[in-house]
Every structure is written in C-alpha cells, then in structure tokens.
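Subject: Structure handover

Hello,

I am passing this structure on to you.

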Amino acid sequence: VIVPEQATFETERLLSEALSGGLFGVTVTSWSGLARRMLDIMGDRRAFLSTQGRVMLMRRAVDGCEKDLSVFRRSAAYRGFPAEADDLIKRFKRCGMSAEDVKEAAEKLEEGLPLRDKLLDISLIYAELERRCADRYIDSEDMMNELLSRMGESALVGAHVFIDGGSSVTEQSY
C-alpha cells in the first residue's frame, strides 16, 4: 500500500485494526520509502542526499560552471540561486528529463530567445550536478527514476499494489 509520507503510520494502524490480526504480508510505505527499500534490496549503496545536502551540492555545481553561464552568471552568486535551480532541476527529473534532454529542448528553440538561453544555462548546471553525484549520491527523484528503470527486476513483480492519496502523485510516480 503506497500512501503519502505523513500517512504511513495512520494507514498501518487502520489496516491492522481492519484485518484484526496484524499486517502479515502487507507493507505500507510512501513513494520515497518504496524506492529506498527496493534499491537497498537491489544493492544500490549510494549515499542519500537530503534537501539541504542537495542545495549544498548545487552551490558547488553552480560555482563549477559559473564561468560558462550566460543568462544566470550574475544571478548564480546570489544566496538563494542554488535552491531555486534545485527546485527547477527536481521538476525536470520528475518528468524524466536529463540534463541532455533539457539541452536538446533548448537547442530546438529559436536563437536569441531568452528561454533558450536560460534552458541552456540550466542544462549546464544540471550536467555539472549529475557529474558531481555520479555513483556517489542519490536523491529522492533519482531514487524514483532508478526504481522505475529497474522495476522489472524488483520484488514488485507480481505483487498487488494499492495507491491511496492520488493528489500527492507526481508525474514521475504516475
């Protein structure tokens, strides 16, 4: 049973009462908990990045490619820029887009458009972030994407899955 993060305990309690014998054979989890558990079972041992850890790594990524940025070169120095860039990159990940996908989408736009230049800058930052995370760190969006790509080899094959909390389902989860 997959429920929103904050509802796992309450759902377990309600199911336990309804089944009046415990939860033998039933697992209640959130999307991120499911992804973490499945990847752990499959042997993925990358360190999990919290939101704060992501922002710190994002600052390093921004600093690492700042000289190559055009539109965001000055903005990159501002304190809140890494968190804003992180939010945008999380959205791309939830839609299954890599840094290369963002770059390709930008290159399809007409030259001189501000959106094109902004997307190219974001793709540079995103690529630098991917480079810094490679084989070392994983965040909740990467966990979900990894789980989705390896779903066929997971313990979920043949399992009955119930989802409660449709309003919390992202594009990625859907």
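Confidence. This is a predicted model. The protein averages a pLDDT of 88. Of its residues, 95% score at least 70. Among the elements, helix α5 (residues 99-107) has the highest mean pLDDT, at 96. Helix α2 (residues 31-41) has the lowest, at 84.

Cores. The largest nonpolar core has 22 residues. M58, F81, I89, I125 and L129 have the most contacts inside it. Four helices each supply at least two residues of this core: α3 (51-65), α4 (81-94), α5 and α6 (114-133). Helix α6 gives the most, with six residues. Which residues does M58 touch, leaving aside those up to four places away in sequence? They are P82, A85, D86, I89, I125 and L129. There is also a second, separate core of 11 residues. I2, A35, M42 and I138 are among its members.

Salt bridges. A search of the whole structure finds 18 of them. Side chains of opposite charge can pair when their charged atoms come close.

- E17 and R13: their side chains meet at 2.7 Å, N to O. Both sit in helix α1 (residues 8-19). They are four residues apart, so about one helical turn separates them. R13 has a relative accessible area of 33%, which means it is partly exposed.

- R46 and E146: this salt bridge spans 3.8 Å, N to O. It links distant parts of the chain, 100 residues apart. R46 lies in the loop between α2 and β1 (47-48), while E146 belongs to helix α7 (residues 140-149). R46 counts as partly exposed because its relative accessibility is 26%. E146 is partly exposed too, with a value of 23%.

- D139 and R54: here the side chains meet at 1.9 Å, N to O. This pair also links distant parts of the chain, 85 residues apart. D139 is in the loop between β2 (137-138) and α7, and R54 is in helix α3. Are these two residues buried or exposed? Both D139 and R54 are buried.

The last pair belongs to a network. Salt bridges that share partners join R54, D86, D87, K90, K93, D139 and D142.

Best wishes

Notes: Residues numbered from 1 in each chain as written. Predicted model: local features only at pLDDT ≥ 70, side-chain atom pairs only at ≥ 80, totals over all residues. Heavy atoms only, no water. pLDDT = per-residue confidence, 0-100. Core = buried A, V, L, I, M, F, W, Y, C linked by side-chain atoms within 4.5 Å. Buried < 20%, exposed > 50% of the residue type's maximum accessible area, 1.4 Å probe, protein only. Contact = heavy atoms within 4.5 Å. Salt bridge = Lys/Arg side-chain N within 4 Å of Asp/Glu carboxyl O.
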